[in-house]
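Subject: Structure handover, with notes

Dear colleague,

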Amino acid sequence: MRAFAYSRADSVDHAAHRITHDAAFVAGGTTLLDLIKLDVLKPKNVVDINALPLKRVERLDDGRLRIGALVTNTDLAHHPEVKRHYPLLSQALLAGASTQLRNMATTAGNVMQRTRCPYYRDAAAACNRREPGSGCDARGGLNRLNAVLGGSDACVAVHPSDMCVAMAAIGATLTLSSADGEREVAFGDFHRLPGDTPHIEHDLADGELITAITLEPPLAPAGSYYLKLRDRASYEFALASAAAQLSLDGEMIGEARVALGGVGTKPWRCPDAEAALVGQPAQIATFERAAEIALRDATPLEHNAFKIPLARQSIVRALREATRLARDEGKQEGQV
Amino acid sequence: MRTLTKRVFNTSRATAETTAETDQSQEAAMSEPLLALRIESESTGTGEAFGRLEGDEPVARDTVTPRPARENSRHAQAHESAIKHVTGRARYIDDLPAPHGALHAMVGLSDVAHGRITRLDLGAVMEMPGVIDVITAQHIPGHRDIGPVFPGDPMLADEEVSYVGQPLFAIAATSYLEARRAVKAAVVEIAPLPPRFDPVAAADAGEFVRPTHVQMSGDWQQALEHAPHVLEAEQFVGGQEHFYLEGQACLVVPGEDEGVTVYTSNQHPSETQKLVAEVLDIPFHAVTVENRRMGGGFGGKETQAAPWACMAALLARRTGRAIRLRLPRAEDTRATGKRHPFHNRYRLGFDDEGVILGGDMTLIGDCGHSPDLSEAVVDRAMFHADNAYSLGAARVTGHRARTHMASNTAFRGFGGPQGMMIVEQAMDDIARHVGEDPLTVRKRNLYRIGRDTTHYGQHVDQYPLMVEIIERLERSSDYWQRRDEIRAFNRQSAVIKRGLALTPVKFGISFTAKHLNQAGALLHVYTDGSVMINHGGTEMGQGLHTKVCQVVARELGIDFESVRISATRTDKVPNTSPTAASSGADLNGMAARDAATQIRQRLLDFAAEHYQFDREGLHLENGKLVSDIGAVTPAVSWGELIQAAYLGRVSLSATGFYSTPLIHYDRDSGQGRPFYYFAYGASVSEVRVDTLSGEYRVERVDILHDVGDSLNPAIDLGQVEGGFIQGMGWLTSEELKWNDDGRLLTDGPATYKIPTFGDLPPIFNVELLEGHPNSQASLYRSKAVGEPPFMLGISVWSALRDALSSLTGYRVSPPLDTPATPERVLMAAEALRAGPANVGASR
């Protein structure tokens, strides 16, 4: 464990002022403290933001749902608004980590969580994300768990979050606060592809703090499903996961949203696949075509080629379930 | 006497069922008084049980105290460190504060499986920031070979390397990260030699780490010739990574003389003391080894914790500074041995009823590059090739194949599980062949009158217990009703198939190396009445220290809190055996009991004289001196008695000792009584298999397990549950994969899958068999519990085969190597669908 200065922020302004390039915010601490112990992150100052008033979930007048940055994963997954209008998000949250971790982990912390690439987490390995210019041991190493979408020569690390996959599919906006005021960033633009600068993971600038995430209004009537495929039944990251959400217009697909986890270097929304679904009959052949398109640009590494068919299959299965649920929903609405 | 300890996870439905089952099984048990009576009289046999045992071996002291104090030790006392474990206050090796200036050691490992070192240039390593010292084999002043039993394990490779992950050199640097980075600067050139990874090919070529051993009972060839039916098959049983949560770690502090103090996560402190002394070329008394607790051992720290202590000790003596050595998980996993993978074959003859008449079994253990403990591991596999069944006239052959892998080592069960797998496969295969349910065939083959001697000549005296356990479990799990339901379900369901299996466990208790069956203890009573006990066993989470404290409290008639246990140290109790072979409590509990008994006798002798009481009838109970003959007045408390004894110049310190009686084994004839007794158990598992994807779930498990008179039912239940889950993991999800160069690809939790909480069967009923004390004079008639439950996991594998067999109308017994991953299950299903001609096992 390395030494750092610890302080507690009592307002958003106060917190934002303290953050420089060698400082870090701590909320649940479920990623940060591990990485400090592993010598991967070495902040000189750690600013505790747990006292900030960012723990509310509120429905806005325009139908969107605003989630405070410090709402825990457990509270969010079980929040009545989320369970009722965003079951996809609830499912994704509950598929991640363990109860103990979800009790501590926060919404913004989940957005900010670091990759689980073993070479990133091993301070003695070469990793461009951790140490720019040092190389990438994953490319020639044990890369079964690495990305098949969005990778570059510099980095093939997977974004590990389940929650973010659901948010990518639902559509959301992040509110970032700093001394200069607030700005908003679309969820899909927040995480960056690694390119030549994998160490720049997101759009958050020094001195900025995520204060809220606002979800787009739910599709209705719609079905949604989060399917997570992994090596064992619990406490495990995804090999591939798919978040699917669609509305039906009779037997035809109205709107559709698809995002992937476990295979991309960021939470992976699939707009081309979505376009291939809209207006088409809700049947397996359509889903398979969309899945094909979603993985069109996938590039396997030595040990992870299996992820490509696995991800395709997860899309098909998630869409199939979402369709079934959308039909049920439609029937219920019809009866009312 | 027949009340059951029942544990139910999950739903109200399960709870309701359980209540019904309990009633049913009690009722059923009572309807069979004859069987129960027979077992009772055999197992508690009054004459032998309470006296001293006869025999030419050292004997236990009076073994059973028929006193009500018994309740005290039966209490489900919480683990002595439970609160410390959950609050994080329990200290493991890496938590220990190191002296100022301590250095971090790191080890350079071979990337080549087999070859000759042509260049080992560490000049650049020395130049790296923070590096203080570098050692190779040339720097070792004493023994370079640290093979624990037989030679073959160089501390650092000298000329030849024998596996990927073999230590080549070690360094000390001022920080952990500097040490890890510096290791990478080494220039290593190894001229490759052809590696050998296939143990079967090694056995064919006669490449063994130890000579082949054979056990024989009767004329097996004639039995095969005359048998109405003969089947043969082979199987591959995979290895297993120990996955102790605390990895290999030690802290070595140089002393003022030539020696060192070694703090190590270690199941065998005495052996590490010996090896460190031999490497440093100093007397054993210059080395002290200490361990308070391990974060798991499972056998992986029996011999393979020592090398790291030896390297750190050498660096500590050379630099004069304390050395910390903690291997990163991936390197720990590559450098250390695992459970032995086995290739097994059987050729067995049986009658129309499926009862085995005799035959031939061959077990090939993949030992890796050196002997380590493989002689005894393959022996134990051979000793368990019968599991709970009489093999008739049989030959069992065990080979110890040498491959260019890390040296495989002890792991919970120590070869026993791998040996049992072949006969359990045979049971399923025979059942399909004769058209019976596998449980029927298993029951017909159990040891019984006239068939009560193993293929290595040991009489199985408690065989009726196995029968009773199976019959009770049959009823409590509704085996036959569920069998009918499942058959009906499978007829209706084309893709999803359910499977059910009941498998027994009979596991021999004792080290098969006879001299290891001894233990020592050291007990002090201080003048405030508090008691300190120390013994040769190590705590790895299994609750040994808790049980030993309970023993001392019971013998001295005081409460548990008055007894404290301290770290295991070689300068307190010397020349100890490893904490292994499930024998920790059996041996060390007896030694502690011996010490406590001596103190008690001294105190009672003193009290009789000092207070003028009748010595006859005096004893210690509930913290007081008590007499069976009249009242002790005025009352004498434990504290007062100790004060008085101290002033009366009575020694309040004692050493205890124990050695297991009766055991012997002659390797030349392959006959003897290697085990003091057997522990029994059985489990029923139900699975649901998607035969188009191979994916499956374990839906329900029922276990009934024999621990004799439990020393601590809470701890024992934990051991049974944990053992089952670990056994299930071994046979299902825990897959070790190496690439073609012999490099382990599954070197961490990201790729090597131990079961987690979500893999627990949703219905998991675990019971301890009550009312059946050990027939041998073990510690309060308890039985060892560490390893035996591990093999209960075999029922999951057998249930998977059962589900697969339904694809053929239960006519074909599908081969299913382990671990039976969804991939292997799918392949087996595909082979069955393609037709029996594509199925290799059964003919």
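Predicted model: local features only at pLDDT ≥ 70, side-chain atom pairs only at ≥ 80, totals over all residues.

Residues are numbered from 1 along each chain as its sequence is written, chains are lettered from A and ligands numbered from 1 in the order in which they are written, and side-chain values use heavy atoms, with hydrogens and water left out.

Between the two chains, 18 residues of chain A are in contact with 15 residues of chain B, where contact means heavy atoms within 4.5 Å. Chain A and chain B bury about 1,400 Å² between them, and 53% of this lies on carbon and sulfur atoms; buried area here is the accessible area (1.4 Å probe) that two parts lose on being put together, summed over both. On the chain A side, A:Ala124, A:Leu142 and A:Arg232 lose the most area to chain B, and together they make up 40% of what that side buries. Four salt bridges are found across the interface of chain A and chain B, a salt bridge being a side-chain nitrogen of Lys or Arg within 4 Å of a carboxyl oxygen of Asp or Glu. The side chains of B:Lys753 and A:Asp231 also meet in a salt bridge, at 3.6 Å from N to O.

Turning to the rings, a search of the whole structure gives 13 aromatic pairs over all chains; rings of Phe, Tyr and Trp (its six-membered ring) pair if their centres lie within 6.5 Å, and planes under 30 degrees apart count as stacked, over 60 as edge-to-face and the rest as tilted. B:Phe383 and B:Tyr665 form an edge-to-face pair, with 4.9 Å from centre to centre and 80 degrees between the planes. Because B:Phe383 lies in helix α13 (residues 374-383) of chain B and B:Tyr665 in strand β25 (residues 664-666) of chain B, the pair ties together parts that are 282 residues apart in sequence; helices (H or I, at least four residues) and strands (E, at least two) are DSSP runs, numbered from the N terminus. Both B:Phe383 and B:Tyr665 are buried, which is to say under 20% relative accessible area, with exposed being over 50% and partly exposed in between (1.4 Å probe, protein chains only). Ring pairs also link B:Phe383, B:Tyr456, B:Tyr665, B:Phe675 and B:Phe678 into a cluster.

In chain B, B:Glu278 lies in helix α10 (residues 269-280) and is buried, with a relative accessible area of 17%. Apart from its neighbours within four places in sequence, B:Glu278 is in contact with B:Gly142, B:His143 and B:Phe284. B:Ile496, in strand β17 (residues 496-509) of chain B, counts as partly exposed at 28% relative accessibility. B:Ile496 and B:His524 are 28 residues apart in sequence, yet 63 Å apart in space, C-alpha to C-alpha.

In chain A, eight of the eight residues of helix α8 (residues 163-170) are buried, so this helix is largely enclosed by the rest of the structure. α8(A) is followed by A:Gly171, whose phi is positive, near 90 degrees, while α5(A) is followed by A:Ala97, with a positive phi near 50 degrees.

With best wishes
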